[in-house]
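Q: Hi! Could you walk me through this protein? I'm new to reading structures.

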Amino acid sequence: IDVRTPQEYSETGYIKGSELIPLGELMRDLAKFNSYKDKEIVVLCAVGGRSRMAAQLLVREGFKDVRNLIGGIRAWIKFGFPVIGSAKDSTAKYLKT
């Protein structure tokens, strides 16, 4: 689950197989995901803060196997893992510290 904003998702790209569910939407519509309570869920955002909150929320709501991608999409890209739908210019800009 990618909890970034739609703008972040389209500018930076996304990890194959991830689903965009912004943090606010996840919090409002948590009941929609009850069928995933016993499945492994990996949560990510830009750098790990929002995904940590989302992971804590999911665990509190009874989800059994929740993981937070530490460092978020920035770390994923930094380590050379592939993303889909990113423009090189926006990714490079996004990664500057």
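This is a predicted model: local features need pLDDT of at least 70, side-chain atom pairs count only at pLDDT 80 or more; totals for chains, interfaces and linings use all residues.

Q: Okay. Is Glu 8 buried or exposed?
A: Glu 8 counts as buried, because its relative accessibility is 15% and the cut-off for buried is under 20%.

Q: What does Glu 8 form a salt bridge with?
A: Its partner is Arg 50, and the closest N and O atoms are 2.9 Å apart. Glu 8 sits in helix H1 (residues 6-12) and Arg 50 in helix H3, so this pair ties together parts that are 42 residues apart in sequence. As background, side chains of opposite charge can pair when their charged atoms come close.

Q: And how does Arg 50 count, buried or partly exposed?
A: Arg 50 counts as partly exposed, at 26% relative accessibility.

Q: How far is Glu 8 from Ala 46 in space?
A: The two are 7.9 Å apart, C-alpha to C-alpha, although 38 residues separate them in sequence. Helix H1 also holds Glu 11. Glu 11 and Gly 85 are 74 residues apart in sequence, yet 8.0 Å apart in space, again C-alpha to C-alpha. Glu 11 itself is partly exposed, with a relative accessible area of 36%.

Q: Let me zoom out. How many helices and strands are there?
A: The protein has 5 helices and 2 strands. Starting at the N terminus, the order is α-α-β-α-β-α-α.

Q: What share of the residues is buried?
A: Of the 97 residues in the protein, 36% are buried. The accessible surface is about 6100 Å², and carbon and sulfur atoms account for 55% of that.

Q: Now the inside. Which residues touch the most other members of the largest nonpolar core?
A: They are Val 3, Leu 26, Val 43, Leu 58 and Phe 63, in a core of 16 residues. Helix H2 (23-28), strand S1 (40-43) and helix H3 (49-60) are the elements that give two or more residues to this core. H3 gives the most, with 4 residues.

Q: What is Val 3 in contact with?
A: Leaving aside neighbours within four places in sequence, its contacts include Leu 23, Leu 26, Val 43, Ser 51 and Ala 54. Arg 50, the salt-bridge partner of Glu 8, is also among the contacts of Val 3.

Q: H3 keeps coming up. How many residues does H3 have?
A: H3 has 12 residues. From first C-alpha to last, H3 reaches 17 Å, close to the 16 Å expected at 1.5 Å a residue.

Q: Which residues of H3 are buried?
A: The buried ones are Ser 51, Ala 54, Ala 55, Leu 57 and Leu 58. They cover an arc of only 160° around the axis, which puts them on the same side of H3.

Q: Why would a spacing like that line up?
A: An α-helix has 3.6 residues a turn, so residues three or four places apart point the same way.

Q: What covers the buried residues of H3?
A: The cover includes H2, S1 and strand S2 (65-68). Take Ser 51, at 0% relative accessibility. Not counting residues up to four places away in sequence, Ser 51 touches Val 3, Val 43, Leu 44, Cys 45, Asn 68 and Leu 69.

Q: What comes just after H3?
A: Gly 62 is found there, with a positive phi of about 100°.

Q: Back to salt bridges. How many are there in the whole structure?
A: A search finds 5. One of them joins the side chains of Arg 4 and Asp 2, at 2.7 Å from N to O. Both of these residues are buried.

Q: What about Asp 65 and Arg 67?
A: Their side chains meet in a salt bridge too, at 2.9 Å from N to O. Asp 65 is partly exposed with a relative accessible area of 26%, and Arg 67 is partly exposed with 41%. Salt bridges that share partners join Glu 40, Asp 65 and Arg 67 into one network.

How values were computed: Residues are numbered from 1 along each chain as its sequence is written. Side-chain values use heavy atoms; hydrogens and water are left out. A nonpolar core is a set of buried Ala, Val, Leu, Ile, Met, Phe, Trp, Tyr and Cys residues joined through side-chain atoms within 4.5 Å. Buried means under 20% relative accessible area, exposed over 50%, partly exposed in between (1.4 Å probe, protein chains only). Contact means heavy atoms within 4.5 Å. Accessible areas come from the Shrake-Rupley method with a 1.4 Å probe; for residues, only the protein chains shown count as cover. The expected span of a helix is 1.5 Å times one less than its number of residues. The arc is that of the directions from the helix axis to the C-beta atoms. A salt bridge is a side-chain nitrogen of Lys or Arg within 4 Å of a carboxyl oxygen of Asp or Glu.
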